[in-house]
Amino acid sequence: MFKKKTVTSLFALMAGVLVATGCSGASDSNGDGEQAAGGGSAETATVDFMHLWPQGSSAEHHRIVSEIIEDFEAENENVSVNMQVLSNEQYKDQITILSASNELPDVGMTWAAGYLDPFVEGNKFAPLDDMLDDGLRDEFVAGTLEAYEKDGSSYGLPLELNTVYVYYNKAIFNEYGLEAPTTYDELEQVIATLNENNVNPIALGNRDRWTGSMWYMYFADRIGGSDVLTEAINRSGSFENPALVEAAAKVQEMVESDSFTSGFNGLADEEAKSMFMNDQAAMYMIATWDLPNYTTNENVPQEFRDNVGYFKFPTVDGNGDTNSFVGGPGVGLFVAENSDVKEEAKQFAAYFVEQWGERAVQQAGVIPATIVDGESLDLPDMYVEVLQDLNDATNLTLYADVQMTASVAQTHLDLIQSLFGLQITPEEFAEEHEKALSGE
């Protein structure tokens, strides 16, 4: 648990001396943020900061965080940062306990969308619009900040970003004279050719279901536009929108044309990934958190890494914007509403996100939520290309199950598996979603 704030001033220090020497009457003079007698130049503040990247399990993340803190303190000599580090699960437990006792750290890490709700509703996180409107907003990739918004205000500064691509094995494509498809028709041709040559077209582990959800989401985006799915979920639209029904039909069309590896509904994502990485399937859809496997991970054979390419999800029947992505930010920073060093906390949070982007991608292989000029950095080509894609991104649709409440997300994931299993019609798929969403 965090100690009480240590904002001090020359006046406070003097009062402490008086108390120590037995002079009563000055014992309550350690008020946070008070000005020193004759001016405020001696005022100092300590910002409590809690994150979830321990040195043992997240060495590079931990090192970068420590370096940013060190640099911040060097540039702001009146502000120090008191860091506490917990593992992911410990962090989630502790942040809940601290919130309940109104003792959140001044700056901490949070997740987006539904995770924010209890903290925002409980007035625990400070709105950060003043910081963003001061120029910080322009530094984020389009669509990332929105995931941290509630009722028109922003309550988090995203640090990471993952976008979803289709990765493919260039050696297999070359063997059969194939090129990365840019349209759904071309994708169908690629799949047909691979099937004719007894090559598994797409590795899919849909036992995890969020994997299949990503395919459905992209069809919804390309057929109905970037807002159609989000509007259905937030109830400004309907899940029975014809575009969402057609997206479900396209999924089943792919299943019926043997696009996915046999038994995909019983395979875990890790099993599907293993098939792709062992040349047993030509394509695999996943988010950019897997980039190190295709670029810098020395445990993966260099020959395989050299053979991996990627393509954006194709247009469908001439519709869709290939710069519109499915994905989502990872963790972001919050500032506690009841922080008694709130201005310094905001100052540190802004400095942190500005510094994190370039350092994270260069030193830890993390794709940041802030815009980075990849061409100026010494990075593998695929990182540079992905960073350029992010700079050109027009939209980012947050994973459907993350946008939904926990109970509706469960329904969505179950329906995704039924859809891929051809156990329900596209119309039933849409109807059941509409029923679950409207029933809340």
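**Figure 1. An aromatic cluster in the predicted model.** In this predicted model, eight named rings belong together: Tyr 165, Tyr 167, Phe 276, Tyr 284, Tyr 294, Phe 304, Tyr 310 and Phe 325 form one aromatic cluster. Two of the pairs are shown in the next two views.

**Figure 2. The pair of Trp 215 and Phe 313.** The rings of Trp 215 and Phe 313 pair edge-to-face, with 5.8 Å from centre to centre and 75° between the planes. Planes over 60 degrees apart count as edge-to-face, so the pair is assigned to that class. Trp 215 belongs to helix H8 (residues 210-224), whereas Phe 313 is in the loop between strand S10 (308-311) and strand S11 (324-329), so the pair ties together parts that lie 98 residues apart in sequence. Trp 215 has a relative accessibility of 2% and counts as buried. Phe 313 is also buried, with a relative accessible area of 2%.

**Figure 3. The pair of Tyr 216 and Phe 239.** Here the two rings are stacked, 6.4 Å apart centre to centre, with 10° between their planes. Tyr 216 is in helix H8 and Phe 239 is in the loop between helix H9 (228-234) and helix H10 (242-256), so this pair ties together parts 23 residues apart in sequence. Tyr 216 is buried at a relative accessible area of 0%. For Phe 239 the relative accessible area is 0%, and this residue is buried.

**Figure 4. A lysine over a tryptophan ring.** Lys 92 places its charged end over the ring of Trp 111, at 4.8 Å from the ring centre.

**Figure 5. Packing of helix H2 on helix H14.** Two packed helices are described by the angle between their axes and the distance between the axes. Helix H2 (residues 59-75) and H14 pack at an angle of about 140°, and their axes are 9 Å apart. At that angle, H2 is oblique to H14. The crossing of H2 past H14 is right-handed. On the H2 side the contact is made by Glu 60, His 61, Arg 63, Ile 64, Val 65, Glu 67, Ile 68, Ile 69, Asp 71, Phe 72 and Glu 75. On the H14 side, the residues in contact are Gln 347, Phe 348, Tyr 351, Phe 352, Gln 355, Trp 356, Arg 359, Ala 360, Gln 363 and Ala 364.

**Figure 6. Surroundings of Thr 370.** Thr 370 is placed in the loop between helix H14 (342-364) and helix H15 (381-392). This threonine is buried, with a relative accessible area of 7%. Leaving aside residues up to four places away in sequence, Thr 370 touches Glu 139, Phe 140, Val 141, Val 353 and Gly 357.

**Figure 7. The buried residues of helix H11.** In helix H11 (residues 269-277), the buried residues are Asp 269, Ala 272, Lys 273, Met 275, Phe 276 and Met 277. They pack against strand S7 (161-169), strand S8 (202-203), H8, strand S9 (283-287), helix H12 (291-294) and helix H13 (302-306). Phe 276 is also one of the residues of the aromatic cluster. Asp 279 follows H11 and has a positive phi, near 60°.

**Figure 8. Two asparagines with positive phi.** Most residues other than glycine have a negative phi. Asn 102 is not a glycine, but its phi is positive, at about 60°. Asn 102 sits in the loop between helix H3 (88-100) and strand S3 (107-110), and is partly exposed, with a relative accessible area of 43%. Asn 198 likewise has a positive phi of about 60° without being a glycine. Asn 198 is in the loop between helix H7 (184-196) and S8, and at 74% relative accessibility Asn 198 counts as exposed.

**Figure 9. Met 283 and Lys 170.** Met 283 lies in strand S9 and counts as buried, at 0% relative accessibility. Met 283 and Lys 170 are 113 residues apart in sequence, with 9.5 Å between their C-alpha atoms in space.

**Figure 10. The whole chain, for context.** The protein chain contains 18 helices and 13 strands. Its C-alpha atoms fill a box of roughly 90 × 50 × 35 Å along the principal axes. Of the 440 residues, 53% are buried. Among contacts between residues at least 6 apart in sequence, 75% join residues at least 24 apart.

Note on methods. Residues are numbered from 1 along each chain as its sequence is written. This is a predicted model: local features need pLDDT of at least 70, side-chain atom pairs count only at pLDDT 80 or more; totals for chains, interfaces and linings use all residues. Side-chain values use heavy atoms; hydrogens and water are left out. Rings of Phe, Tyr and Trp (its six-membered ring) pair if their centres lie within 6.5 Å; planes under 30 degrees apart count as stacked, over 60 as edge-to-face and the rest as tilted. Helices (H or I, at least four residues) and strands (E, at least two) are DSSP runs, numbered from the N terminus. Buried means under 20% relative accessible area, exposed over 50%, partly exposed in between (1.4 Å probe, protein chains only). A charge sits over a ring if NZ of Lys or CZ of Arg is within 6 Å of the ring centre and within 35 degrees of the ring normal. Contact means heavy atoms within 4.5 Å. Axes are lines fitted to C-alpha atoms, for helices over the stretch in contact, and angles run from 0 to 180 degrees between N-to-C directions. Angles under 35 degrees count as roughly parallel, over 145 as roughly antiparallel, 65 to 115 as roughly perpendicular and the rest as oblique. A crossing is left-handed if the near helix is turned anticlockwise from the far one by less than a right angle, and right-handed if clockwise.
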